[in-house]
Amino acid sequence: LSEGDIRVEVHKSCGLVAQTFMLAMAEEGYDTCPLGGYDSHRIKKLLHLPCGAEVSMVVTCGIREERGIWGERFRLPFEEVYRNY
């Protein structure tokens with residue numbers, strides 16, 4: 001395996017760990033959201049990580065505000081958005 005292959009596998013494994021973490025947080029009543037498009041250089045600086053470190057994923061966690069952030073939310077009924085052919 002090349003270094004690039006190993007790097008890809010590490011990031012895939014981190015994704016699976018993040019998924020497990022998010023499911024566990026949901027079980028405990030927390031909401032999570034995986035983020036893309038983050039500034040990994042800034043994150044490494046804030047966390048005092050070495051330059052060679054890689055940030056695989058950022059996951060936010062918190063307790064939901066019942067009103068939502070932008071006001072009341074709604075969902076379409078399941079039957080209106082899903083059809084079993």
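D31 is partly exposed, with 27% of relative accessible area (buried means under 20%, exposed over 50%, and partly exposed in between, using a 1.4 Å probe and protein chains only). This is a predicted model in which local features need pLDDT of at least 70 and side-chain atom pairs count only at pLDDT 80 or more, while totals for chains, interfaces and linings use all residues. Residues are numbered from 1 along each chain as its sequence is written, and side-chain values use heavy atoms, leaving out hydrogens and water.

So who does D31 meet? D31 forms a salt bridge with R64, and their closest N and O atoms are 2.6 Å apart (a salt bridge is a side-chain nitrogen of Lys or Arg within 4 Å of a carboxyl oxygen of Asp or Glu). D31 sits in strand β1 (residues 31–35) and R64 in the loop between β2 and α3 (78–81), so this pair ties together parts that are 33 residues apart in sequence. Helices (H or I, at least four residues) and strands (E, at least two) are DSSP runs, numbered from the N terminus. R64 itself counts as exposed, at 54% relative accessibility.

## The other salt bridges

In total, the structure holds three salt bridges. Another one joins E54 to R7, with the closest N and O atoms 2.6 Å apart. Here R7 belongs to helix α1 (residues 3–27) and E54 to the loop between α2 (40–46) and β2 (58–62), so the contact ties together parts that are 47 residues apart in sequence.

E9 is partly exposed, with a relative accessible area of 41%.

## The aromatic pair

How many aromatic pairs does a search of the whole structure find? The search finds one. The ring centres of F78 and Y82 are 5.2 Å apart and the planes lie at 25°, so the pair is stacked. For reference, rings of Phe, Tyr and Trp (its six-membered ring) pair if their centres lie within 6.5 Å; planes under 30 degrees apart count as stacked, over 60 as edge-to-face and the rest as tilted.

F78 is exposed, at 53% relative accessible area, whereas Y82 is partly exposed at 45%.
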